[in-house]
Amino acid sequence: MRKIIHIDMDCFFAAVEMRDNPAWRQVPLAIGGSRTERGVISTCNYPARAFGVRSAMPTGQAFKLCPQLVLVPGNMEKYKAVSTSIQAIFHRYTDKVEPLSLDEAYLDVSECDLFQGSATRIAEHIRQTIFQETGLTASAGVAPNKFLAKIASDENKPDGMFVIPPEQVSGFVAHLQLRKIPGVGQKTAEKLAKFGLHRCSDVQNADLTLLVREFGSFAEVLLERSQGIDHRAVHTDRERKSVAVEQTFSQDLNKPEQGLQPLADMYQKLLRRIERCGAQEHIHKVGIKLKFQDFHQTTIERQHPELCFQLLQQLLTQAWLRGQGKAVRLVGIHVGLKSQAEQAQLDLDWQ
Amino acid sequence: MHFIIERDALLKPLQMVSGAIERRHTLPILSNVLLDVTADQIALTGTDLEIELVAHAFPQQVITPGRVTIPAKKLLDICRSLPESSVLTLHLQGENCVVSTGKSKFTLATLSANDYPNLESWQGEVEFELSRLQLRKLLDDTAFSMANQDVRYYLNGLLFEVDNGTLRTVATDGHRLALSSMELPVTANQQKQVIIPRKGVLELMRLLVADDQLIRLSIGQNHIRLIDSQFSFSSKLIDGRFPDYRRVLPRNSSRQLTAHRAVLKDACVRASILSNEKYRGVRFTLNPQELQIVANNPEHEQAEEVIEVEYNGDTLEIGFNVGYVLDVLNTLNTDLVVMHLSDANSSSLVEGVGNAGALYVVMPMRL
């Protein structure tokens, strides 16, 4: 069973603009192209939504609904920069991050051992961290798969979260409107309604041959989602390249000998972490990182097919010398992994 | 130093030696070409401390002999961009070399010829002659399988083996291996195994013309030299142990497939379009008299090719990096090729029917 978090920034572009110009907080605000350019609204804040303004709505129509609307052209560079810092926050919890856009991402936290592995507390912590570091609010959905996590993040928007624990999945989907399933747009929803299908429970009880006849290959997805099933993995474009553990010390270390015990602890921790992601067979590098008291840092890496404590000790001593007597505030160890291609391609055996 | 030379007479040897010269080097003099002007000819030398190339140019007139080094790339660019019929005067004036022709004049900085590094002198232990074409074939057959920037530094080059009358080249990157050999009667009773660095091999392939002219090879403890009528090439050798290629040549392959090279190649080229761009895996399914090639990509698209082959074994599915297969099929030039296979996890031996000399080993990919 996976633990998936869907994070969705609340009216992201508008939120960034309101953060930087608080006067806009109380007025209907939209980011989008101008009326004269036949532009559309890309995002708007909640006061604007109260007038019925929506994303993707032509700007002209938005002004008809809300003549006092403040329209801002938007600053994509700024939004991208904010998005980058949010992505960086995600990666503190897991490397399995699938960004959907600048303001939305799936996180697979199945292997994250923070907060005793509680996805709910991880999600809450991510939301807090985003707010502390960017001044923006995010909503989160926590569920055993992507589709449910995405629906959940919408439940308590804005600045809220919603959790669907595994045991509540069937209860949750039974009442779920089919319209909420990604891929079911207005047209499909109308067609489903024609056959008396409104909620997921209706599809669960529907005639399979009718579904397949009417909806083709989409029937399979529809049936799965209606039962709360979604096998899609969180796709990180970048495959896992390394597994690492690091520790910042409450007091800087002055001698390499002081680093040995923490090194031994981290070694054990990294071993477990490697095992958990099934990477034992794919190690091809072992490395160490030291950060000195002046925040200068150094790394050493060696080609080696397994995590080996002796090698780490050697690397620690070598790296320590580079500090030329400076105290060490952080030690990190890591293994580099072969790419998927390198794993699949067999080697010539000339031993 | 002062001489007059036609542009083309200078350009060709300059192009030859500049292959060894890095544009930017921590040692500035290594970006320069050494000109050694004697009464009737100019020796041009380029080196990167690993390989050294020497070519000769014949000037119209030498006014003053002398030796100097000047920036190679700049001189080359100047020569290239001058009209073909230009006649150049190169004249050392103080610290500068002035290149002039017609109304063009270029003043280049020089560095002392005395500081130009030579490869240390060495003794040849094995020496023999062969034709340019013979050496080219050995290089063409195998060089593509060399590793590139592998930590196993001894794979970043080409094994050159003289073995009792057989001259052999072997290259491998750990996933595939190429081997080519030819008989060379004059070297009977001589044995030598050396590794030529990748860059030297590629330079040689750039310089060697494929004709019958004889060239002379000389191999020493740490160096190899090739004397061609147009140039001489020297390279340091890689000091390391090349893997024993004999161990990876599959001996008892139970299955044998014969296919038309062009047909197999074209099918692989088409299938590769829908293979994963990064991993390039394709699935070969061998059935009696038929080979199916299937490729899939992450977008769930699929290519399927079926070709007629000569095969009598039972069904076998085996994956390959299609790039490795195509490298072999592009290098072979016979009408028919044979693949000797055992199972999905064992190496496959590929050779051309009637092409004595070249053998290829390709390791499969796990599917």
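## Interface of chains A and B

Between chain B and chain A, 7 residue pairs are in polar contact, with both residues at pLDDT 80 or more. Strand E13 (176-183) and helix H5 (245-248) of chain B are the elements that give two or more residues to the side of chain B that touches chain A. That side is made up of 12 nonpolar, 5 polar and 6 charged residues. The structure described here is a predicted model.

In total, 23 residues from chain B and 13 residues from chain A take part in the contact. The two chains bury about 1,600 Å² between them, and 62% of this area is on carbon and sulfur atoms. The number of salt bridges between chain B and chain A is 0.

## Aromatic rings in chain A

Over all chains, the whole structure holds 9 aromatic pairs. One of them joins Phe12(A) and Phe13(A): the ring centres are 5.7 Å apart and the planes stand at 55°, so this pair is classed as tilted. Phe12(A) has 1% relative accessibility, and Phe13(A) has 12%. Both values are under the 20% limit, so Phe12(A) counts as buried and Phe13(A) counts as buried.

Phe13(A) also pairs with Tyr79(A), and this pair is stacked, with 4.3 Å from centre to centre and 15° between the planes. The pair links distant parts of the chain, since Phe13(A) belongs to helix H1 (residues 12-20) of chain A and Tyr79(A) to helix H4 (residues 76-90) of chain A, 66 residues apart. Tyr79(A) is likewise buried, at 1% relative accessibility. Together, Phe12(A), Phe13(A) and Tyr79(A) make up one aromatic cluster.

## Thr47 in chain B

Thr47(B) is part of strand E3 (residues 42-47) of chain B. With a relative accessibility of 1%, Thr47(B) counts as buried. A polar atom of the side chain of Thr47(B) lies 2.8 Å from the backbone oxygen of Ile51(B).

Leaving aside residues up to four places away in sequence, Thr47(B) touches Ala20(B), Ile21(B), Leu30(B), Glu52(B), Tyr116(B) and Pro117(B). Thr47(B) is thus a buried residue of chain B whose contacts include Ala20(B) and Pro117(B).

Terms used. Residues are numbered from 1 along each chain as its sequence is written. Chains are lettered from A and ligands numbered from 1 in the order in which they are written. This is a predicted model: local features need pLDDT of at least 70, side-chain atom pairs count only at pLDDT 80 or more; totals for chains, interfaces and linings use all residues. Side-chain values use heavy atoms; hydrogens and water are left out. Contact means heavy atoms within 4.5 Å. Buried area is the accessible area (1.4 Å probe) that two parts lose on being put together, summed over both. A salt bridge is a side-chain nitrogen of Lys or Arg within 4 Å of a carboxyl oxygen of Asp or Glu. A polar contact is a pair of N or O atoms within 3.5 Å; within protein, one must be able to donate a hydrogen and the other to accept it, and residues adjacent in sequence count only if both atoms are side-chain atoms. Helices (H or I, at least four residues) and strands (E, at least two) are DSSP runs, numbered from the N terminus. Ala, Val, Leu, Ile, Met, Phe, Trp, Tyr, Cys and Pro count as nonpolar, Asp, Glu, Lys and Arg as charged, and the others, Gly among them, as polar. Rings of Phe, Tyr and Trp (its six-membered ring) pair if their centres lie within 6.5 Å; planes under 30 degrees apart count as stacked, over 60 as edge-to-face and the rest as tilted. Buried means under 20% relative accessible area, exposed over 50%, partly exposed in between (1.4 Å probe, protein chains only).
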